[in-house]
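Biologist: I would like to go through this model with you before I use it. Could you take my questions one at a time?
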Amino acid sequence: MADFTVRRARTSDIPSILALVEPLVTRRILLGKERVDLYGAVQEFRVAETADGEVIGCGGLHVMWEDLGEVRTLAVADPWLGRGVGHALLTVLEADARELGLTRLFCLTFEVAFFGRNGFEDMGDETVDPEVYAELVRSHDEGVAEFLDLARVKQNTLGNTRMLKVL
């Protein structure tokens with residue numbers, strides 16, 4: 001039996017999510033998110049927590065297009081790495097994606113081995129059909145720009161791998 005559960009995030013979890021993410025931002029593993037943006041996207045997030053309520057992991061699912069979503073801000077507290085927390089969060093996010101009707105999930109990551117074990121593959125230069133590209137390029141969302149591999153976000157993506165999973 002797991003020592004943790006995964007549930008939908010609440011606004012009261014945002015300080016804990018920030019505390020989880022900040023060390024990874026400092027190490028340039030994750031892109032930083034402003035507190036206001038996390039509150040605005042709280043409905044996209046799931047958290048893993050211990051029986052005593054300590055948030056030990058988080059991850060978000062952001063819809064990008066009718067069939068495409070992005071796994072965002074997947075983070076696990078260092079003492080919990082290798083204990084199935086990331087996998088459990090990803091499993092729930094994938095279930096959420098299926099429930100929404102998504103058939104593909106994107107992530108931008110340094111954790112290629114983890115995502116590879118979970119069915120993601122390097123996208124290479126793949127993007128989307130020209131018609132969809134023309135719509136997506138209008139988005140102000142940085143994740144969409146990263147998916148499209150736009151020049152304006154290259155500084156954010158250096159060393160990261162663009163990965164995709166078909167659900």
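Biologist: In what order do the strands of the open sheet run, and what is the pairing?
Modeller: This is a predicted model. Its open sheet has seven strands, in the order E1-E2-E3-E4-E5-E7-E6, and the pairing is mixed.

Biologist: Which are the edge strands?
Modeller: They are strand E1, residues 4–8, and strand E6, residues 121–122; each of them pairs on one side only.

Biologist: In what sense do E6 and E7 pair, and over how many bridges?
Modeller: E6 pairs with strand E7, residues 161–166, in the antiparallel sense over two bridges. Within that region, Glu121 stands opposite Leu164 of E7.

Biologist: Which strands does helix H1 touch?
Modeller: Helix H1, residues 14–26, packs on the sheet and touches strand E2 (45–50), strand E3 (55–65) and strand E4 (68–76). The direction of H1 makes about 85 degrees with that of E3.

Biologist: And what does helix H3 touch?
Modeller: Helix H3, residues 85–100, also packs on the sheet, and its contacts are with E1, E2, E3, E4, strand E5 (104–109) and E7. For H3, the angle to the direction of E3 is about 30 degrees.

Biologist: What is Phe115 in contact with, leaving aside its neighbours within four places in sequence?
Modeller: Phe115 is then in contact with Val71, Leu74, Leu90, Cys107, Thr109, Phe120 and Met163.

Biologist: Now the charged groups. How many salt bridges does the count come to?
Modeller: The count is eight. One of them joins Asp96 to Arg46, with the closest N and O atoms 2.8 Å apart. Asp96 lies in helix H3 and Arg46 in strand E2, so this pair ties together parts that are 50 residues apart in sequence.

Biologist: Are Asp96 and Arg46 buried or exposed?
Modeller: Asp96 is buried, and Arg46 is buried as well.

Biologist: What is the partner of Lys165?
Modeller: Lys165 forms a salt bridge with Glu94, the closest N and O atoms being 2.9 Å apart. This pair links distant parts of the chain, with Lys165 in strand E7 and Glu94 in helix H3, 71 residues apart. Both Lys165 and Glu94 are buried. Elsewhere, salt bridges that share partners join Arg7, Asp13 and Glu49 into one network.

Biologist: What about Glu70: which residue does it form a salt bridge with?
Modeller: Its partner is Arg72, and the closest N and O atoms are 2.7 Å apart. Glu70 counts as buried because its relative accessibility is 4%, and Arg72 is buried with a relative accessible area of 13%.

Biologist: One last topic. How many disulfides does a search of the whole structure find?
Modeller: The search finds zero disulfides.

How values were computed
Residues numbered from 1 in each chain as written. Predicted model: local features only at pLDDT ≥ 70, side-chain atom pairs only at ≥ 80, totals over all residues. Heavy atoms only, no water. Pairing = 2+ DSSP bridges. Helix = DSSP H or I, 4+ residues; strand = E, 2+ residues; numbered from the N terminus. Contact = heavy atoms within 4.5 Å. Axes fitted to C-alpha atoms, helices over the stretch in contact; angles between N-to-C directions. Salt bridge = Lys/Arg side-chain N within 4 Å of Asp/Glu carboxyl O. Buried < 20%, exposed > 50% of the residue type's maximum accessible area, 1.4 Å probe, protein only. Disulfide = S-S within 2.5 Å.
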